[in-house]
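Biologist: Before we start, please show me the model. I would like to learn how to read its features.

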2 protein chains.
Amino acid sequence: MLSRVVDTGFSFAVQAHAGGRARAGEIRTPHGTINTPAFIPVGTKATVKAVLPESMRDLGAQAILANAYHLYLQPGADIVAEAGGLGAFMNWPGPTFTDSGGFQVMSLGAGFKKVLAMDPGHRDDDVIADGKERLARVDDDGVTFRSHLDGSEHRFTPEVSMQVQHALGADIIFAFDELTTLNNTFDYQVASLERTRLWADRCLAEHDRLRSPDLPYQALFGVIQGAQYEELRRKAAQDLGRMAFDGFGIGGAIDKRNLSDIVGWVTDELPDDRPRHLLGIGEPGDLFAGVAAGADTFDCVSPSREARNSAVYSPDGRFNLLASAHRRAFEPIDPTCDCYTCQHYTRAYLHHAFKAKEMVASTLATIHNIRFTVRLVESIRQSILDHDFDAYRAEFTGRYSAGSRAAVRD
Amino acid sequence: MLSRVVDTGFSFAVQAHAGGRARAGEIRTPHGTINTPAFIPVGTKATVKAVLPESMRDLGAQAILANAYHLYLQPGADIVAEAGGLGAFMNWPGPTFTDSGGFQVMSLGAGFKKVLAMDPGHRDDDVIADGKERLARVDDDGVTFRSHLDGSEHRFTPEVSMQVQHALGADIIFAFDELTTLNNTFDYQVASLERTRLWADRCLAEHDRLRSPDLPYQALFGVIQGAQYEELRRKAAQDLGRMAFDGFGIGGAIDKRNLSDIVGWVTDELPDDRPRHLLGIGEPGDLFAGVAAGADTFDCVSPSREARNSAVYSPDGRFNLLASAHRRAFEPIDPTCDCYTCQHYTRAYLHHAFKAKEMVASTLATIHNIRFTVRLVESIRQSILDHDFDAYRAEFTGRYSAGSRAAVRD
């Protein structure tokens, strides 16, 4: 029997497995292919801070992830749509992602950071940060929040998030979810997870309603929450895994200690034939842990944020360019690195530029840290294809951790 | 009779004249050729703010000018020397200039800006800015000043300036001069000019002593001061014009009102066979006036400083990208511009990036303003070669001024 297959321009294929859950694959999107595992640099407000898209392409970035919340507030999704969508607006011809705004309406709108950092001084299901008026309020229909820019009141529902993300037009978009913290009670987590499940259904319905055959296909990823609870994470992955999502995000407050467990529970339950994006994770050691637990793609502001604070990565660990040891260091950050910065600039120049508070310091350090991270994940991919992942992980993380500890002692 | 000509790698030739004093020429340096008139972007601290040298090359910059004062304080001229000199340190392969520090030890060291802006509230020859302790003190031997970074005390003499500029290794360097203001009395100007003349002699002597046949030739330019006084400007040009300088700088507090007169008096007296650099001038109208009065090269922070403040140039005048009119302007800053920014970005994107306080806004606007200025001076050069300078000046400045006035009214 023949079935008619419509080529949406989006597909995912697993190419190789290594040991446990680690896998290499390929995501095709209407704007290009992403070889996985892949690190997706973050361009929150339609720019990867301090770096032109030209440089992002040169350093091997395969896609860029922007934030629906930020672009909704400034310049407005309608303006991005009029410009021809996110990629056209920011002059990035490759694949794009947008997140749903679920994280930001809570974490920025609510001044939620302290809570995410697991500050115990807050009431369970009624979060108030630092004594300030609560800026985000969740109900079963959506979230009412205040802009972190001007305090104006806004409301996101699953439908609004889909409408915003359709206007932005990224290749991969995410369902609207509720962000909880490790401080919420188990009962609250159960209720929240059910809400996120119902919102996932509403996102799919609105997504279908908004689709147009005349526009490039946008793949919708459901987001798995469930905090630190194995039972809830597995249930969420089972529930959303049965829905018609093109892929999945793994969200919520995840740190180094619970990353392997949480991602492992989730990928155990998710269908193998769809890609899994681990939201907000991108430190070198965490990337290995995420891949080992079955994640395919990653986004994180850390490589660029640390770069702007003069902290750079090398195979021998992380170090700070402002340390006086680099004043006369006429050598690159990493002699084995092929990035523009390491090919053309010494640590002495970068030390000077950071001391002098020159913007190029941030630009050059960001180029290096993103290239380092992109290249690290490329190497991880290659080690999977070569059936050498576990050995590579042990070798890299041993050297990196020892070097980082030594740099801190210096 | 045969004379032995040593090729120093430095030379200047006039290629064409237009009308009065305007001329087109060619400066050869050990690191490349500069076609004049030319605008030389400023990289104060060994970086053109917000722009990588790669982009500077792409936008047609022929040389970069850095500041001896800033590099002496941070990172230190010794470190730049160890790096292989200014060009190698900052990854700029083309010609470089450094100024002498004479302007900065007075203007920054002394907190002198108010006086330069012709604030009348200061005593003649004993400048104290804003009631703060005077940070720079001039004597016949040199200037003692405090660092604007940390208040530490330093001393520049003509010899120190030469030593610093030899360590930095730029192709074109400037003699150490005393900066006066239009508020100093005539008697003070006379005494100061004589001091600058004696310092010029000492610079030449120290420059000769420091020269090495093993290092690239550094051309030394004498600096013509004399404030707003025709008699003093002509005398300074005659005096320094007789000395063995490779070229000349025209310095001091010069503004739109007196620019044509001052530069004209000076170039009347200077030998025709050596290049003339007009220090600190770079606004579109002033470039035409400077060329008309006989200047060959120009440096100025304005194009980049204005860009960082969201003000951009176009043939129809200067305007500010933060104006709400640009929120939905899906067109480039200047549709006739060939710069990277105008080729890839709309005013709407730049408006957004400035609103969002993203660094790329400064980068993209700087690329445009410098390209605009470089290209404008290239067009001025072409108009001289085509014997069309006066007509081009009238056409450009009429349209530019009218457009800038309209933008301010908007």
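**Helix packing, sheets and contacts**

Modeller: The crossing of α14(B) and α15(B) is left-handed. A crossing counts as left-handed if the near helix is turned anticlockwise from the far one by less than a right angle, and as right-handed if clockwise. This is a predicted model, in which local features need pLDDT of at least 70, side-chain atom pairs count only at pLDDT 80 or more, and totals for chains, interfaces and linings use all residues. Residues are numbered from 1 along each chain as its sequence is written, while chains are lettered from A and ligands numbered from 1 in the order in which they are written.

Biologist: How is a pair of packed helices described, and what are the values for α14(B) and α15(B)?

Modeller: Two packed helices are described by the angle between their axes and the distance between the axes. Helix α14 (residues 347-355) of chain B and α15(B) cross at roughly 135°, and their axes come within 7 Å. Axes are lines fitted to C-alpha atoms, for helices over the stretch in contact, and angles run from 0 to 180 degrees between N-to-C directions. The two helices are therefore oblique to each other (under 35 degrees is roughly parallel, over 145 roughly antiparallel, 65 to 115 roughly perpendicular, and the rest oblique). Helices (H or I, at least four residues) and strands (E, at least two) are DSSP runs, numbered from the N terminus.

Biologist: Which residues of α14(B) and α15(B) meet?

Modeller: Leu350(B), Ala353(B) and Phe354(B) in α14(B) meet Val360(B), Ala361(B), Leu364(B) and Ala365(B) in α15(B). Contact means that the C-beta atoms, placed from the backbone, lie within 7 Å. By class, this contact has 7 nonpolar, no polar and no charged residues. Ala, Val, Leu, Ile, Met, Phe, Trp, Tyr, Cys and Pro count as nonpolar, Asp, Glu, Lys and Arg as charged, and the others, Gly among them, as polar.

Biologist: At what angle do α11(B) and α15(B) pack?

Modeller: Helix α11 (residues 284-292) of chain B packs on helix α15 (residues 359-385) of chain B at an angle of about 30°, with the axes 11 Å apart. That makes α11(B) roughly parallel to α15(B). Their crossing is right-handed. Pro284(B), Leu287(B), Phe288(B) and Val291(B) in α11(B) meet Leu376(B), Val377(B) and Ile380(B) in α15(B).

Biologist: How should I read a strand pairing, and how many bridges join β2 to β3 in chain B?

Modeller: Two strands pair if DSSP finds at least two bridges between them. Strands β2 (residues 22-29) and β3 (residues 32-36) of chain B run antiparallel and are joined by 5 bridges. They form a hairpin with 2 residues between them, and Thr29(B) stands opposite Gly32(B).

Biologist: In what order do the strands of the open sheet in chain A lie?

Modeller: The order is β7-β8-β9 (chain A), 3 strands with antiparallel pairing. β7 (136-138) and β9 (153-156) of chain A stand at the edges, each with a single partner strand, so one side of each is left without a neighbour in the sheet. Strand β8 (residues 143-146) of chain A pairs with β9(A) over 4 bridges, and the bridge partner of Arg146(A) is Glu153(A).

Biologist: How many residues does each chain give to the contact between the chains?

Modeller: Chain A and chain B give 30 residues each. The largest share of the side of chain A that touches chain B, 5 residues, comes from α14(A). That side divides into 15 nonpolar, 8 polar and 7 charged residues.

Technical notes. Contact = placed C-beta atoms within 7 Å.
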